[in-house]
Amino acid sequence: MLELDGLTRRFGAVVALDDLSFTVPEGQVFGFLGPNGAGKTTAMRAVLGISALDAGEIRWKGGPAAESRARFGYMPEERGLYPTMIVIEQLQYLAELRGMTAVDARAQSMAWLERLGVADRAADKLEALSLGNQQRVQLAAAFVHGPELLVLDEPFSGLDPVAIDSVSQVLHDQADAGTSVVFSSHQLDLVEHICNSVAIINRGRLVASGTVDELATEGPARLQVEVEGDGDGAWAKKLRGVEVVANGNGRLRLLLGPRTDAQRVLRAAEKAGAVRHFSYDRRRLSEVFREAVSR
Amino acid sequence: MNLMWLVARREIRERLRARSFRVATFISVAAVVAAIAIPASRGNSTATYDVGVVNAVSPAEVDAVKAVGPGVGVNLRVREVADAEQARAQLRDGRLDLVVVGTDEILTKRAPDQGDTGSRARLTAALNTTVRLQRALGRSPQAAVVLDALREPVAVRGVEPSDASTGQRVTAFFGVLMLFVFLQQYGTWVLMGVIEEKASRVVEVLLAAVPPRLLVAGKVVGIGAVALVQGMIVGATALIAAQATGAHVFEGSSRFAIAWTLVWFVLGYGLYSWVYAAIGSLVSRQADAQNAAFPVSIPVLVGYIAATSLLSGGDPSPFVRVLAFLPPTAPMVMPMLIGLGKVAVWEILVSMGLVAVTIALLTRVAGDIYARAILHSGQRLRLRQVLRRNFSAA
């Protein structure tokens, strides 16, 4: 379990992290979300010990994270490896820096290149590879030493849909094998799809966190209703305790007040016309996000 | 420590593999061989000395002097000179190289240094023995008397105050030239290496595994080791070339000239590499590197100019003496003074101590600057910004 406890960090007058606390359970894929400049990268760097903290503590499995950092893997948002170094040697070097023997480092490097489909480029200089393949090598660099905790800053940016699928699969496999995976992303639909839990931060503070299911279902009940021949949803606007959030071609998305009964809404809809569609609605993660950061 | 070694090892491997290293080594070696072999092949490889004899005790003495030449491996032109005054005058204007005055003393233009292994020093030593023997035989043929007399040395006097020989000067100049070139070249490697890691952003991946101070120390040590290897290759080439061509470049210079040059390279590199590393961390783009590094090249250049100014002879001015103790210029000026034999051992040790203390301070300050600035991207940082107490880019 990774615990961030009261992280605070100032850059001059800017407060990058403001008493930020949350917990990442073991063996999960965990989404770390927030608008640009919210402090995601600073928090991730702090976990890796690259960025200093003014206050707060980071713990891994109950102990100070500083003692376990050789078992963390990291992919920074701004990708970077030695352009002129040979791919396999580069990975081996990074694995050796994490304490692996030369033989193990070499074997694991090759295994990851194979797994990510770039084994045939192992003996090339990095700069000779296409950007997509460089990205795969970058991922391999984070995975190569078999970390217990993976911290990935925007791992999906710049990937095509096929690569996104394969990277998602790798992340899930790693989590199933017991690795905790924390990643940041702006692709909220993707996050919703592959994460167990998320934390959303804004201006250095935690504004929402929980499992994706919890976040999607918490708060007021939501309905989607479509009534034949009623394009503008006039019937719903008249109901007390019901708010029309959106209207997509006659399909209304409704937000119910705390004491509003869904059955009463159904009856009102039937009076208005033939009900073509009626369902309980989940909040999309993107909605949760917008709501959380606009508070 | 292990991490630093891994970082250094990568530097060594990558640098030795680079074409630029092989090309630079090849050019240095070729330049050294040319500098030594070309003058040697033009000049007569066997030196010729003019030796005057004044107040010869017997014709046998002149013959004995003539016989010294082949033993030492030089050609001698021996002639008798009327008196010591004339002999001194001819020594001064170069018509004579050595003068034997009876069995009392040997005159040279400048008294030879101890530790000098050149042919002139060997000739002087051999003449000394011969004259002593003549003197002993002149007193009595009895073995006991001869042996006693042999113990009394014959004075070797210079008619002018001693100064560095040409061989000493050439060796010292090459040493300082190599120092100048190497300090600039390998300092720039450190600079560009730091910038490469910063510009390619690989540094953030590395920092997740290696603390910044060890990362920069590994780079400095690795590149330094490569430089030392190249320096030793060039030094060994110089020695071998001099031996093979019978050149006189090293004649008259201290046997430790090359060792001193290497010692001062280590000190100079230790000093400048940290400065270059700190500067590299302030710069985000390779295009800014030259501008940022310019101020550092000034003391190196001043040291080089001051050092080479000593070659014209005479005693060093107080200004140059001060430069020999200032850590930024000492790595160039002090080896020149050592090479020319114009400095006492305690002075060398004091200067080395000052440089060592400065290096110790720099590792702290430059390490701090590096750690604070290396993750900062975008505009070039000013040193003042970085040194502010609460500055941090990460």
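**Figure 1. Polar contacts between domain 1 and domain 2 of chain A in the predicted model.** Three residue pairs, both members at pLDDT 80 or more, are in polar contact across the interface of domain 1 of chain A and domain 2 of chain A. On the domain 1 side, α6 (188-194), β9 (197-202) and β10 (205-211) of chain A each supply at least two of the residues that touch domain 2 of chain A. By class, this side of domain 1 of chain A has nine nonpolar, two polar and two charged residues. Two salt bridges are also counted between domain 1 of chain A and domain 2 of chain A. Arg284(A) and Asp189(A) meet through their side chains in a salt bridge, with an N to O distance of 3.4 Å.

**Figure 2. Extent of the contact between the two domains of chain A.** The domain assignment gives domain 1 of chain A as residues 2-211 and domain 2 of chain A as residues 219-294. Taken over C-alpha atoms, the centres of domain 1 of chain A and domain 2 of chain A are separated by 40 Å. The contact takes 13 residues from domain 1 of chain A and eight residues from domain 2 of chain A. The size of an interface is often given as the accessible area lost when the parts come together. Between domain 1 of chain A and domain 2 of chain A the buried area is about 870 Å², and carbon and sulfur atoms give 71% of it. Leu188(A), Glu192(A) and Ile200(A) supply 54% of the area that domain 1 of chain A buries against domain 2 of chain A, more than any other three residues.

**Figure 3. The loop between β9 and β10 of chain A, with Arg203(A).** Most residues other than glycine have a negative phi. Arg203(A) is not a glycine, yet has a positive phi of about 50°. Arg203(A) has a relative accessible area of 59% and is therefore exposed, the cut-off being over 50%.

**Figure 4. The interface of chain B and chain A.** Chain B gives 24 residues to the contact and chain A gives 26 residues. About 2,300 Å² is buried between chain B and chain A, with 56% of it on carbon and sulfur atoms. Arg10(B), Glu204(B) and Val205(B) supply 24% of the area that chain B buries against chain A, more than any other three residues. Six residue pairs, with both residues at pLDDT 80 or more, are in polar contact between chain B and chain A. On the side of chain B that touches chain A, α1 (2-17), α7 (166-199) and α8 (202-207) of chain B each supply at least two residues. Of the elements on this side, α1(B) gives the most, with seven residues. The residues of the side of chain B that touches chain A divide into 13 nonpolar, three polar and eight charged.

**Figure 5. Arg201(B) and its salt bridge to Glu78(A).** Four salt bridges are found across the interface of chain B and chain A. In the one between Glu78(A) and Arg201(B), the closest N and O atoms are 3.6 Å apart. Arg201(B) is found in the loop between α7 and α8 of chain B. The phi of Arg201(B) is positive, about 65°, although this residue is not a glycine. Arg201(B) counts as buried because its relative accessibility is 7%, under the 20% cut-off.

Figure 6. With a relative accessibility of 19%, Glu3(A) counts as buried, since the class takes values under 20%. Leaving aside neighbours within four places in sequence, Glu3(A) is in contact with Phe22(A), Thr23(A), Glu57(A), Ile58(A), Arg59(A) and Gly62(A). The C-alpha atoms of Glu3(A) and Ala46(A) are separated by 12 Å, the two residues being 43 residues apart along the chain.

Figure 7. Not counting residues up to four places away in sequence, Gln135(A) touches Met75(A), Arg79(A), Pro155(A), Ser157(A) and Leu159(A). A polar atom of the Gln135(A) side chain lies 3.1 Å from the backbone oxygen of Ser157(A).

Key:
Residues are numbered from 1 along each chain as its sequence is written. Chains are lettered from A and ligands numbered from 1 in the order in which they are written. This is a predicted model: local features need pLDDT of at least 70, side-chain atom pairs count only at pLDDT 80 or more; totals for chains, interfaces and linings use all residues. Side-chain values use heavy atoms; hydrogens and water are left out. Contact means heavy atoms within 4.5 Å. Buried area is the accessible area (1.4 Å probe) that two parts lose on being put together, summed over both. A polar contact is a pair of N or O atoms within 3.5 Å; within protein, one must be able to donate a hydrogen and the other to accept it, and residues adjacent in sequence count only if both atoms are side-chain atoms. Helices (H or I, at least four residues) and strands (E, at least two) are DSSP runs, numbered from the N terminus. Ala, Val, Leu, Ile, Met, Phe, Trp, Tyr, Cys and Pro count as nonpolar, Asp, Glu, Lys and Arg as charged, and the others, Gly among them, as polar. Domain bounds come from an automatic or database domain assignment. Buried means under 20% relative accessible area, exposed over 50%, partly exposed in between (1.4 Å probe, protein chains only).
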